[in-house]
Amino acid sequence: MTRLSSTLPSLLEGTDILAPTHEPAECEPTQAESRQILLDRLARTRAELKKRDIVAAVLFDPTHVRYATGARNMQVYSARNPARYAFVPAEGPVVMFEFSGCSHLTEGLPGIDETRPATAISYYFCEDNLQQTTEAWADEIDELVRRCGGQKGDKVAIESATSHAAFALVERGWQICDAQIPLERARAIKVPNEIKMVRSSLRAVEDGVRKLEAAIRPGATENEGWSQLHQHIIATDADYVETRLMNSGPRTNPWFQECSNRAMQAGELVALDTDVVGRYGYYADFSRTFLCGDGQASSTQRELYRMAFDQVRTNMALIAPGMSFKEYAEKAWQIPQPYKARRYFALAHGVGMTGEYPYIVHREDIDDKGYDGIMQPGMTLCVESYIGHEAGGEGVKLEEQLYIRDDGQVELLSDYPLDTRLLAD
């Protein structure tokens, strides 16, 4: 297993970026801090609702439910089944509607005032009773909104529910809007000590990637290597891996080829993107490319790796409070022409409990696909690079996770070594 030598270039060389910390007190919140984080996240959610004159939000997205309330239950199942949800008013009691038989899971969560059994509003649960069930669901939400001071015509935010649910609330006089907007804005700025949960997730996932890297050997399949990460993150109380992005040899270009039963070969590149919803529900998101076997990298492999390294280091150094997304795109490292067609879709993106606001795209794409905004203290951002020639061959994926601190300094959060054989000149 290779490690970055101090004699080789560092991602932090020539920058003011702070090195990652492994101090236990900075990588694990206390019980009191964890409780306060939950309350502060709820407060941020309420503040974003108030900014938009939204009287209440009904959250179905399990990530947003967990962010606003701290309630964790069947995250993947809940992402595709509207079987649990949270009622979060701008003012008033928070009600968690939990899956049948699961009300005990919310005990002790400080932001939840009441737990009720959820009404599952999908054909899967209701069959021909769906309309009647949805009407009963809407009556209950209607009563809660009114209890919190809502009046006909007020805005109620909803997400990830059925269209019938939204229509039923409209019929009861509420103006429906998208709950994703205030929740994304709330999540984008981390509350005090929230970053400790992020660091805890990263440290655990880094240990998992060490096990994965040790399993990269000639003859082993991509899936065999990838499974090492899955096993480790579950053992360390993480939630799940959101994607299957690990590939080898010719499957490294273009990017976004999912893990397979292909056997890895000596001398090939092996690339991965962690995409782990980890400890405390926080995303650990970094990418690495390794060389399979004990041999030396080819000049072409080193050239690809050097370009990805230069792109990440240059673009990391541009991260700063007050930097606009468009200015960042204009100043970003310029990808050589033969590699532009297969560029990663984002230069950088927000990261918290999953990938989040903002998404900052390349200068070539910003007018068509992008938007402007300002980097702010409290944001955590991932800087991306993928280098693959448009004519084919192998590709290199690198990515780092960073934090803009309240004092304006930028801290590198991810801390997994680079492959010395690929970085050497």
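The structure is a predicted model. The domain assignment divides the chain into domain 1 (31-188) and domain 2 (193-422). A search of the whole structure finds 36 salt bridges, and the count between domain 1 and domain 2 is five.

**Domain arrangement and interface**

- The centres of domain 1 and domain 2, taken over C-alpha atoms, are separated by 33 Å. To the contact, domain 1 contributes 14 residues and domain 2 contributes 19 residues.
- About 1,500 Å² of area is buried between domain 1 and domain 2. Carbon and sulfur atoms give 48% of that area.
- Nine residue pairs are in polar contact across the interface of domain 1 and domain 2, both residues being at pLDDT 80 or more. On the side of domain 1 that touches domain 2, the elements giving two or more residues are α2 (31-51), α3 (62-69), α4 (75-80) and α8 (180-188).
- By class, that side of domain 1 holds seven charged, four nonpolar and three polar residues.
- The side chains of R187 and E356 form a salt bridge, with an N to O distance of 3.4 Å.

**Salt bridges within the chain**

- E140 and R116 meet through their side chains in a salt bridge of 2.8 Å, N to O. This pair links distant parts of the chain, since E140 is in helix α6 (residues 130-147) and R116 is in strand β4 (residues 114-117), 24 residues apart.
- The two partners fall into separate accessibility classes: E140 counts as partly exposed because its relative accessibility is 21%, whereas R116 is buried because its relative accessible area is 15%.
- E206 and R203 also form a side-chain salt bridge, at 2.8 Å from N to O. Both residues lie in helix α9 (residues 194-214), three residues apart, or about one turn of the helix. Both E206 and R203 are buried.
- K340 forms a salt bridge with E364, and the closest N and O atoms are 3.3 Å apart. K340 lies in helix α13 (residues 337-340) and E364 lies in the loop between β14 and α14, so the pair ties together parts that are 24 residues apart in sequence.
- K340 is buried because its relative accessible area is 19%, and the cut-off for that class is under 20%. E364, at 37% relative accessibility, counts as partly exposed.
- A network of salt bridges links R44, E48, K51 and R52.

**Buried residues and their surroundings**

- L229 is placed in helix α10 (residues 222-235). L229 counts as buried because its relative accessibility is 0%.
- Leaving aside residues up to four places away in sequence, L229 touches V205, G208, V209, L212, T274 and V276. The C-alpha atoms of L229 and G208 are separated by 4.8 Å, although these residues are 21 residues apart along the chain.
- H362 lies in the loop between β14 (355-360) and α14 (366-369). H362 is buried because its relative accessible area is 5%.
- Leaving aside residues up to four places away in sequence, H362 touches Q311, A329, I335, R343, Y344, F345, A346 and L347.

**Backbone features**

- Most peptide bonds are trans, and most residues other than glycine have a negative phi.
- The peptide bond from N253 to P254 is cis, with omega near 0 degrees. P254 is found in the loop between β8 (246-248) and β9 (269-273).
- The peptide bond from Y357 to P358 is likewise cis, with omega near 0 degrees. P358 is placed in strand β14.
- D53 has a positive phi, near 55 degrees, and is a residue other than glycine. D53 sits in the loop between α2 and β1 (54-59), and D53 is exposed because its relative accessible area is 61%.
- N193, also a residue other than glycine, has a positive phi near 70 degrees. N193 is placed in the loop between α8 and α9, and N193 counts as partly exposed because its relative accessibility is 29%.

Technical notes:
Residues are numbered from 1 along each chain as its sequence is written. Side-chain values use heavy atoms; hydrogens and water are left out. Helices (H or I, at least four residues) and strands (E, at least two) are DSSP runs, numbered from the N terminus. Buried means under 20% relative accessible area, exposed over 50%, partly exposed in between (1.4 Å probe, protein chains only). Contact means heavy atoms within 4.5 Å. Domain bounds come from an automatic or database domain assignment. Buried area is the accessible area (1.4 Å probe) that two parts lose on being put together, summed over both. A salt bridge is a side-chain nitrogen of Lys or Arg within 4 Å of a carboxyl oxygen of Asp or Glu. A polar contact is a pair of N or O atoms within 3.5 Å; within protein, one must be able to donate a hydrogen and the other to accept it, and residues adjacent in sequence count only if both atoms are side-chain atoms. Ala, Val, Leu, Ile, Met, Phe, Trp, Tyr, Cys and Pro count as nonpolar, Asp, Glu, Lys and Arg as charged, and the others, Gly among them, as polar.
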